[in-house]
Amino acid sequence: MHLPATLRTTAAAVALFAAGLAGAQNNAPIKVGFMLPATGTYANLGTMIENGFKLHVAEQGGKLGGREVQYFKVDDESDPAKASDNVNKLIKRDKVDVLVGTVHSGVAATMAKAAKESKTILIVPNAGADVITGPMCGPNIFRTSFSNWQPAFAMGKVAAERGHKKVVTVTWNYAAGQESVKGFTEAFEKGGGKVTGNLTLPFPNVEFQALLTQIAADKPDAVYVFFAGGGAVKFVKDYVAAGLNKTIPLYGAGFLTDGTLEAQGAAAQGLFTTLHYADKLDTPRDNAFRAAFTKAYHADADVYAVQGYDAAQLLATGLKSVGGDFDGKRDAMLKAMHTATIDSPRGKFTLSAANNPVQDIYLRQVVGTDNVVKGVAIKALADPARGCRPF
Amino acid sequence: MDFPTFLVQCLNAIQYGLLLFLVASGLTLIFGIMGVINLAHGSFYMIGAYLAYLLAPMFGDHFITMLVAGMLMAAVFGFVLEWVFFSFLYGRDHLQQVLMTYALILVFEELRSILVGNEVHGVQAPGWLAGGISLGGMMTYPAYNLFASAACLVVAFALYWVVNRTRLGMMVRAGASNRDMTRGLGINIRLLYRAVFAGGVALAALAGMIAAPAASVYPGMGGGVLIMCFVVVVIGGIGSISGALLAALLVGFVDTFGKVFFAQLSGIGVYVLMAVILVWRPQGLRNKGF
């Protein structure tokens, strides 16, 4: 071929330019959209998750799989009514590659739906609604926290093993509470016990006195509750003030005593709860994580920080496996995330067929302001993912 | 349900009702007498609870002194707030009042977040109220809850006395029924309104302070209370203090026994009560001012 010199140079230049362009595209920052609560009851949890996520990214030198990370943020206000608008701001306006959120289960369910439709990758760093890795499961929907079923099921097993026969449950009349009670009942009745009453009150009502009187009249062997935040504080204090703790032991999913111990004070001492994380795990991994977190944010890490940190780890695993080629090798990346083993501060975990952590659930007891680990209630517990069609 | 349990449940109902009354009384004063829809009233309750959280360590066992100090601070706060914001609202329509008081909720929540943070806090009940009274071996009833009920009753009687038996109360009632005529009689209505507003804020803050040791102190705690208070005010008759007391006790009973007998539906019981009463007596149970 005898092309004129000018044409040859032009062609070379074009080729170079194109290559440069492609290179630039590959090195363009990966857009991570945080949809977390920045106001309202869960504001603190949102901050912990975001800080945990950013801590891992910082540990990787600010890059995941060789690509810079660019953050976008929307305050979801834990308001399901605004969830659809909020998630679309991130997907359509900011065109994020990965969605990270959120705390509130109702909002997270809407996010899962939007992520499914737009095929955006979603990593849920807290919300425990069973449906997210149940009927709504999908290859691009991941969770690094727990399903409501998991800690509850483990506590059901523990309560049965402790010889309790008759248990009354108390919770708010909303999805998370009902799922938790269901998980508890499943394991407890399998272990030979019987749930004799389900007491509920509307979310977020905290007038427990009527229910406590009811419990005192029913005289069960033990009580299982699902409450979080302000409700958890008040329930535990009211339970002790009514003197019920002397005769009827109280058990709960871990959120009963997470982030609430300072406020609960003496009332919470000795309580047993189950969760996928605990204080004083004293593993090198957890100690290193906690030290790094305290150094970076001058605050103690908690379970929410761990879940945010692991969301970043999961994303990092996926991006590394395809060398940052997010758009070109999307399927390979999803597969790498699905089969990843995450070296979490809570202990190593893998993901189930429905992308929910298969993890140890710890039995913890409150000592001072710590949920001290007392052992593993159930090893490598997988959510049954009821209603999830394999993908 | 056996009889002792029934009695305890009645006690629970009265106790909840009295606490509701304490918050709602301030709202009904401001709403009924000054004609301002004050959505920020729940925030005053929250501010009271946070005041208790901040003041309790300083006062220790001098709990009642703390309540008085907190009320005074809240009253001063209310006085300034009326001067700077609410005094501009009297002639305006309700939509503008709702907008401004809603804005105040957002401001107070954000300030709370900046100043105290978003964590849940507990407040220690004073030592002399720490114990409980045994109810026939079944359960103990916290002494603090009985104290709270007693405090609410004292405030209810004091309020009734001030509004119906004193010169100040007479002026307040006169101002409520005809603002211009009252001014024509040489009464400084601006100052009077300011005092009423300060009193309303102090009552809400007192309710928050009393609730804090029994409950806990957490972001957004004013919201739920605000809705219940509006229910109480509307059922009781806007501006009526005795009506608010009656309505608060009714709500307490419906809520408590609703939870026991119809657990799944307990959330709507109170609103059904409101609907029925409004169909029967659209103006509420009692008339203004009594």
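Predicted model: local features only at pLDDT ≥ 70, side-chain atom pairs only at ≥ 80, totals over all residues.
Me: Why is Lys374(A) called partly exposed?
Reply: A residue is buried if 20 or more other C-beta atoms (placed from the backbone) lie within 10 Å of its own, exposed if 12 or fewer, and partly exposed in between. Lys374(A) has 16 other C-beta atoms within 10 Å, so partly exposed is the label.

Me: Where does Lys374(A) sit, and what does Lys374(A) touch?
Reply: Lys374(A) lies in strand E15 (residues 370-381) of chain A. Helices (H or I, at least four residues) and strands (E, at least two) are DSSP runs, numbered from the N terminus. Leaving out residues up to four places away in sequence, Lys374(A) touches Leu363(A), Arg364(A) and Gln365(A); contact means that C-beta atoms, placed from the backbone, lie within 7 Å. Arg364(A) is 10 residues away in sequence, with 5.1 Å between the two C-alpha atoms.

Me: What makes E1(A) mostly covered?
Reply: Strand E1 (residues 30-36) of chain A has seven residues, and five of them are buried.

Me: How do you know that E1(A) pairs with E3(A)?
Reply: Two strands pair if DSSP finds at least two bridges between them. E1(A) and strand E3 (residues 67-75) of chain A share seven bridges, so they pair, and they run parallel. In one of these strands, E3(A), Asp75(A) stands opposite Leu36(A).

Me: Which other pairings are there around E4(A)?
Reply: Strand E4 (residues 98-100) of chain A is parallel to E1(A), with three bridges, and Leu99(A) in E4(A) is the bridge partner of Gly33(A). E4(A) also pairs with strand E5 (residues 121-124) of chain A, again parallel and over three bridges. There, Val100(A) faces Ile123(A) in E5(A).

Me: Why are E2(A) and E6(A) called edge strands?
Reply: The open sheet has six strands in the order E2-E3-E1-E4-E5-E6 (chain A), with mixed pairing. Strand E2 (63-64) and strand E6 (141-143) of chain A each pair on one side only, and that makes them the edges.

Me: What lies across this sheet, and at what angle?
Reply: H2(A) lies across E1, E2, E3 and E4 of chain A, at about 160° to E1(A). Axes are lines fitted to C-alpha atoms, for helices over the stretch in contact, and angles run from 0 to 180 degrees between N-to-C directions.

Me: How many residues are in the contact between chain A and chain B?
Reply: Chain A gives 36 residues and chain B gives 34. On the chain A side, H7(A) has the largest share, eight residues.

Conventions
Residues numbered from 1 in each chain as written. Chains lettered and ligands numbered in written order. Contact = placed C-beta atoms within 7 Å.
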